[in-house]
Amino acid sequence: MKAAQFEYARAASLAEACTLLARHGDSAKVLAGGQSLVPMMAMRLLRPAWLIDVNEIAALKSVAIEKDFARTGACARQCVVERDDALAARVPLIRQALHWVGHVQTRNRGTIGGSLAHADPSAELPLVAQVLGAKMLLRSSKGARTLEAEKFFTGPMSTAVRPDECLEEIQWPVWKEKRTGSAFTEIAIRHGDFAMVAAAAQLALDASGRCTGAAFGLGGASGTPLAFPEIAARLVGTKLEDKALDDAVDAAAKEIDPGSDLHATKEYRRHLARVLTARVLREAREKATAS
Amino acid sequence: MSETLHAISVEVNGKRCEASVPVRLSLVDWLREELRLTGTHVGCEHGICGACSVMLDGEPVRSCLMYAVQANGHRITTVEGLAQPDGSMSALQDAFCETHGLQCGYCTPGMLIASQALLDSNPHPTEEQIRDAIGGNLCRCTGYQQIVEAVQLAAQRMEKK
């Protein structure tokens, strides 16, 4: 047995999970898909005294489409969300990002909320949440609150989730414009590995080809996934000419702060950030134009 | 400090298994050390290599990334469960032998589980789909080519039946 000793509770409901977190929160971790938490415990990077298992709570696994947003339960499996055609039609970036997440075996077990709560700065789903401005519904025995992605991610592997809170649901904005295009890409050593840099973009056009909505961002380029709302806002009203996109790439490149490691120097990451941002902006533009 | 034990009831390869397990015992260690189903291999023990792949309710997962206690109430299929009822090899297993889809054999149980899960849901996979399905399983001997050929051969034969 590789993990240090811990106590285990399988919560039958979200209320029970919250009660357990209220009691043990400071020394507990919520166990969802376990695809990041279990390896960290095997390497004893983490030694929680309690694991609160939320895998059997059916209410945390729902996927639903509302008028303005799509809801995914925090414990919805990545494989289930990836296969959901209705969701892919409304929030295409989620499926586009999941294509890059791990492998079949890990997506069968890994959850949407788990990826967000783990908050790896190079992870795909946190980047999509940041770019789209997803909202996280957090529940505790005292009540609920909603946090926007920008406030949710506080640093590498760090979120604003309090020790007594459990992520319940993620609300992904649905763009209503008919002519919307989105794109996700990344560079990793092998497909399924951590991204050295990842980029995501979504653009909307009106009938005349003028941009009515723009969002883009980068993962692996800073301590948290980054979105660039002010830079994206400058694209709105343009016809998304190459020059406008290149200006956005230049502006975004000034805001990133990538690190160096064995796999990539910060200079290489800066290079990738520019190339991949340009690529997703163009691909999103082509898709919006064609739709 | 004594370990807390939890009672579990799991269906493994069609048989109901009742046990009492320490909560930090991984599913793969329970399968191998308690049930003596040593066909499933333990490689990296942190979710990289895929050697420990088993099916959980019909879908491939890594059994080093689950605690045995979490399998309670679920259905597990290990590589031992892929053989035919009389104990002879499945079409996929035969194909691995014929195409030399293994050398040292360490990754093979994981490869078989991943490939069988693919063929269960997609009987006519393209080469790209095969490579995607085994993308989470490391093999240091074959260069993967013969494994891809094995899955293609098995798919052809299963179609004829």
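Reader: Hi! What are the ipTM and pTM of the model?

Author: Hello! The predicted model scores ipTM 0.94 and pTM 0.96.

Reader: And what does the pLDDT of chain B average?

Author: Chain B averages 96, and 99% of the residues score at least 70.

Reader: Switching to helices: at what angle do α2 and α3 of chain B pack?

Author: Helix α2 (residues 91-98) and helix α3 (residues 108-121) of chain B pack at about 130 degrees, and their axes are 10 Å apart. The two helices, α2(B) and α3(B), are therefore oblique to each other.

Reader: Is the crossing right-handed or left-handed?

Author: Right-handed, as α2(B) passes α3(B).

Reader: Which residues meet there?

Author: From α2(B) you have L92(B), Q93(B) and F96(B), and they meet T108(B), L112(B), S115(B), Q116(B) and L119(B) in α3(B). That contact divides into four nonpolar and four polar residues, with no charged ones.

Reader: Good to know. Now chain A: what is the strand order in the open sheet of five strands?

Author: The order is β4-β5-β10-β6-β7 in chain A, with antiparallel pairing. Strands β4 (63-65) and β7 (143-148) of chain A are at the edges with a single partner strand each, so one side of each has no neighbour in the sheet. From one strand to the next, the twist averages 20 degrees.

Reader: How many bridges join β4(A) to β5(A)?

Author: Three bridges join β4(A) to β5(A), residues 69-73, and the two run antiparallel. For example, I65(A) has A70(A) in β5(A) as its bridge partner.

Reader: What about the sheet of four strands?

Author: In chain A, that open sheet runs β11-β12-β13-β14, with antiparallel pairing. Its edges are β11 (179-188) and β14 (226-227) of chain A, each with a single partner strand, so one side of each is left without a neighbour in the sheet.

Reader: Which helix packs on it?

Author: Helix α12 of chain A, residues 266-290, packs on the sheet and touches β11, β12 and β13 of chain A. The helix direction makes about 30 degrees with that of β12(A).

Reader: And how do β13(A) and β14(A) pair?

Author: Strands β13(A), residues 211-219, and β14(A) pair in the antiparallel sense over two bridges. There, L218(A) has L226(A) in β14(A) as its bridge partner.

Definitions and conventions: Residues are numbered from 1 along each chain as its sequence is written. Chains are lettered from A and ligands numbered from 1 in the order in which they are written. This is a predicted model: local features need pLDDT of at least 70, side-chain atom pairs count only at pLDDT 80 or more; totals for chains, interfaces and linings use all residues. pLDDT is the predictor's confidence in each residue, from 0 to 100. Axes are lines fitted to C-alpha atoms, for helices over the stretch in contact, and angles run from 0 to 180 degrees between N-to-C directions. Angles under 35 degrees count as roughly parallel, over 145 as roughly antiparallel, 65 to 115 as roughly perpendicular and the rest as oblique. A crossing is left-handed if the near helix is turned anticlockwise from the far one by less than a right angle, and right-handed if clockwise. Two residues are in contact if their C-beta atoms, placed from the backbone, lie within 7 Å. Ala, Val, Leu, Ile, Met, Phe, Trp, Tyr, Cys and Pro count as nonpolar, Asp, Glu, Lys and Arg as charged, and the others, Gly among them, as polar. Two strands pair if DSSP finds at least two bridges between them.
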